[in-house]
Amino acid sequence: MTKHRIKTRFTETFGIEHPIVQGGMQWVGRAELVSAVANAGALGFLTALTQPSPEALAKEIRRCSEMTDKPFGVNLTILPSINPPPYSEYRSAIIESGIKIVETAGDKPQAHVDELKRHGIKIIHKCTAVRHALSAERMGVDAISIDGFECAGHPGEDDIPGLVLIPAAADKVSIPMLASGGFADGRGLVAALALGAEGISMGTRFCATKEAPIHDNFKAALVSGDERATDLILRSYRNTSRVAKNSVSTEVRRIEALGKSFSEVAHLVKGQRGREGFENGDTNYGVWTAGMVQGLILDIPTVRELIERIMEEADRIISTRLVGLFQPADPIPA
Ligand SMILES: Cc1cc2nc3c(=O)[nH]c(=O)nc-3n(C[C@H](O)[C@H](O)[C@H](O)COP(=O)(O)O)c2cc1C
């Protein structure tokens with residue numbers, strides 16, 4: 001057990017024990033994982049669009065509530081889509097289910113932010129650029145989660161790694177901010193705090209836990225993959241996505257390099273194909289989201305073991321290693 005708690009504006013605003021968040025994850029952010037994160041004292045998000053309908057989301061929220069009495073939230077990701085899902089109905093399901101924290105991600109969240117706030121829901125908006133963080137702050141969100149270029153999923157098009165993005169955002173954003181992308185351990189947590197964040201959000205690291213509801217082959221692939229085991233795809237359509245490097249991502253990149261239109265790769269990147277892969281265990285079945293942080297993932301612990309390990313490591317670094325680096329300055333010669 002950790003000796004201390006780390007208290008930040010994030011833990012206080014959201015009433016969470018540890019400054020650690022499990023960000024929304026399509027096909028992975030289900031009740032098994034989210035309740036385990038909540039029970040370990042961190043903040044997990046169910047992923048709204050993983051559920052086939054707003055009614056199914058309401059059911060999943062009820063299921064998660066039966067598995068934990070700690071707070072958890074729902075992620076609502078708004079991405080450009082040929083057939084957009086009924087976002088406002090998903091939003092109503094979230095509100096009517098009594099959820100108190102929502103993670104928004106993607107384009108133009110204003111209407112959602114307004115409506116969620118009207119119902120007293122706290123919002124963490126995830127974005128990948130300082131200018132987007134500032135515009136979300138103006139919209140009235142309660143916190144920002146900022147994803148550096150390392151992240152799994154959508155890093156945006158600016159390619160600014162966390163080491164610059166996080167302090168650049170911290171200089172300008174006044175509300176609490178989580179650092180996201182590339183975090184897996186206590187070293188990352190301490191670094192994020194040093195850079196001006198009030199906590200970390202992780203995706204890929206939570207996929208390699210016992211409770212993550214995906215086939216074991218994917219967890220094993222995350223353990224064996226190193227920091228180079230990702231591909232950036234869909235860059236030529238300005239919808240860049242970081243996924244695990246496999247035969248399908250290689251094929252997508254080959255077609256993109258030929259200057260072909262999106263319709264030529266659409267069948268390869270279909271979300272449904274990713275979901276089926278997560279279930280059937282074939283890591284080359286479709287594209288699946290994963291980050292560079294694979295290079296720091298060496299095992300498959302339970303969520304509780306992971307959170308406790310991160311907090312203990314952070315405690316050791318802050319109270320022993322960093323403090324130990326300080327030496328009395330040499331007296332200034334007279
Ligand atoms: C399998 C997977 C699916 C994801 N799906 C979503 C999603 O639907 N919406 C979203 O906002 N972020 C999504 N993300 C991004 C995470 O919430 C988080 O921002 C990202 O994983 C942080 O980078 P990391 O993986 O290096 O920790 C996904 C990440 C993973 C690994």
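**Cysteines, a kinked helix and the ligand site**

Cys127 is buried, with a relative accessible area of 6% (buried means under 20%, exposed over 50% and partly exposed in between, using a 1.4 Å probe and protein chains only). The model is a predicted one, in which local features need pLDDT of at least 70 and side-chain atom pairs count only at pLDDT 80 or more, while totals for chains, interfaces and linings use all residues. Residues are numbered from 1 along each chain as its sequence is written, and side-chain values use heavy atoms, leaving out hydrogens and water.

With a disulfide taken as a pair of cysteine sulfur atoms within 2.5 Å, the count comes to zero. For Cys127, the nearest cysteine sulfur belongs to Cys151, 11 Å away. Cys207 is in no disulfide either, with the sulfur of Cys151 as its nearest, at 13 Å. Cys207 is also buried, at a relative accessible area of 6%.

Helices (H or I, at least four residues) and strands (E, at least two) are DSSP runs numbered from the N terminus. Helix H14 covers residues 303–325. A kink of about 35 degrees is centred on Ile317, the bend being the angle between axes fitted to the seven residues ending at a residue and the seven starting there. Ile317 is itself one of the buried residues of H14, which also include Leu306, Ile310 and Asp315. The buried residues of H14 pack (heavy atoms within 4.5 Å) against elements including strand S1 and helix H2.

Finally, the ligand. An oxygen atom of the ligand lies 2.5 Å from a side-chain N or O atom of Thr204, a polar contact (N or O atoms within 3.5 Å; within protein, one must be able to donate a hydrogen and the other to accept it, and residues adjacent in sequence count only if both atoms are side-chain atoms). A backbone N or O atom of Gly24 is 2.7 Å from a ligand oxygen.

Methods
The expected span of a helix is 1.5 Å times one less than its number of residues.
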